Amino acid sequence: MTPPRKSPGKRPTVIDVAQAAGVSPGTVSNALSGKRKVDADTRDRIEAAIQQLGYRPNQAARRMRTGQTNTIAIFSSMPFAVAAGPSKLGFLMEIAASAAVAAMARNTALILVPPIANPEETLDTIAMDGALVVEPAADDPVLSRLIRAGIPTVCIGRPPDAEIPHVDLDYPAIAELLIAHLFEVGATRFPLIVGASSRPSNLAFKAAYGAAARRRGMAEIMIEVPEDQAEAGAAAALSTLISRGEMFDGVLVPTDAMATGVMQALRDHGLTVPDKVRVVTRYDGVRAQTESPPLTAVDLKLEAVATLATRQLVETMAGPAPGAAIPGPEPRLVVRASSRQSRG
């Protein structure tokens with residue numbers, strides 16, 4: 001690589017970077033934008049030259065030249081109580097943090113858009129080149145608005161319209177992992193406490209639970225909770241079940257915010273976990289890890305998921321959309337004290 005030369009007081013340009021890396025200015029632009037593939041060795045040389053020269057792209061000039069904002073937005077139609085919750089370190093935040101890092105590596109900024117009541121009006125005020133949508137429900141207003149506006153969009157999780165580019169989290173496999181685990185540790189009768197929305201993840205858990213209950217001859221106890229009620233709604237629903245005298249030795253509660261409510265209800269009624277009741281949830285986040293006892297959950301490998309989705313979005317923005325679905329990483333069950341196997 002040609003030793004970089006930096007004139008005092010002169011801002012380095014793409015031409016300076018290209019000369020230092022021994023490549024053309026176009027190759028540098030491709031590496032920065034991610035619009036065309038640049039081999040790893042060439043990219044390493046370009047990145048080294050950028051660091052040595054202290055090069056920073058002139059984003060204002062780029063926007064004027066291309067009409068692009070070099071910005072993507074990430075949306076979720078989940079209520080904030082489900083997507084993040086009091087810790088502010090929930091499902092949506094973990095995805096957003098990883099997506100922001102992946103976007104920055106492609107010279108793109110990421111905007112986190114909280115749940116919005118009026119997407120038709122609000123989306124018109126957000127300048128973006130593309131969007132990530134986290135686990136959209138059927139007839140999701142945010143996703144519908146983005147598609148109508150022609151904004152390149154990639155979903156995290158299978159959307160209701162499977163033709164939309166997305167990273168597939170394989171909801172049925174996740175549900176079956178948790179259901180099989182409850183049976184393996186000795187649970188014989190357990191309710192499913194699930195979000196009431198038509199989000200594909202909720203639908204997959206309902207289908208997998210119903211099928212497993214029929215195979216085992218287990219009575220189905222399926223309780224739907226409005227997602228905006230999250231923790232409080234799940235606590236109230238389980239308290240009602242207990243007060244009716246329903247007997248159960250496990251709880252399948254996919255949404256971690258609802259799992260927190262389930263644990264509170266069990267404590268309120270003197271039902272110890274895992275001795276009396278075993279509890280499992282889907283997302284291995286802060287809530288699952290810090291609950292008492294810690295909850296068995298699933299490592300969804302969200303960092304890898306967010307990186308895959310961001311790369312796919314950048315490719316989609318650059319030209320024709322790639323294949324509609326990218327398989328997500330294989331989920332991994334994380335067994336904790338909340339579902340310890342009975343010693344009896």
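Q: Before we start, what does "contact" mean here?
A: Contact means heavy atoms within 4.5 Å. Keep in mind that this is a predicted model.

Q: Which residues of helix 10 are buried?
A: Among them are P200, F205, Y209 and G210, along with K206 and N202.

Q: And how many residues does helix 10 have?
A: Helix 10 has 17, running over residues 200–216. From first C-alpha to last, helix 10 reaches 24 Å, close to the 24 Å expected at 1.5 Å a residue.

Q: What comes just after helix 10?
A: That's G217, which takes a positive phi of about 70°.

Q: Switching topic: how do the axes of helix 11 and helix 12 cross?
A: They cross at roughly 40° and come within 7 Å. That angle makes helix 11 oblique to helix 12.

Q: Left-handed or right-handed crossing?
A: Helix 11 passes helix 12 in a right-handed crossing.

Q: Which residues meet there?
A: On the helix 11 side, they include A234, L238 and I242. On the helix 12 side, they include M258, G261 and L266.

Q: Zooming out, how many helices and strands does the chain have?
A: The chain has 14 helices and twelve strands.

Q: What share of the chain's residues count as buried?
A: Of the 344 residues, 50% do. The chain exposes about 15,600 Å², with carbon and sulfur atoms supplying 53% of it.

Methods:
Residues are numbered from 1 along each chain as its sequence is written. This is a predicted model: local features need pLDDT of at least 70, side-chain atom pairs count only at pLDDT 80 or more; totals for chains, interfaces and linings use all residues. Side-chain values use heavy atoms; hydrogens and water are left out. Helices (H or I, at least four residues) and strands (E, at least two) are DSSP runs, numbered from the N terminus. The expected span of a helix is 1.5 Å times one less than its number of residues. Buried means under 20% relative accessible area, exposed over 50%, partly exposed in between (1.4 Å probe, protein chains only). Accessible areas come from the Shrake-Rupley method with a 1.4 Å probe; for residues, only the protein chains shown count as cover. Axes are lines fitted to C-alpha atoms, for helices over the stretch in contact, and angles run from 0 to 180 degrees between N-to-C directions. Angles under 35 degrees count as roughly parallel, over 145 as roughly antiparallel, 65 to 115 as roughly perpendicular and the rest as oblique. A crossing is left-handed if the near helix is turned anticlockwise from the far one by less than a right angle, and right-handed if clockwise.
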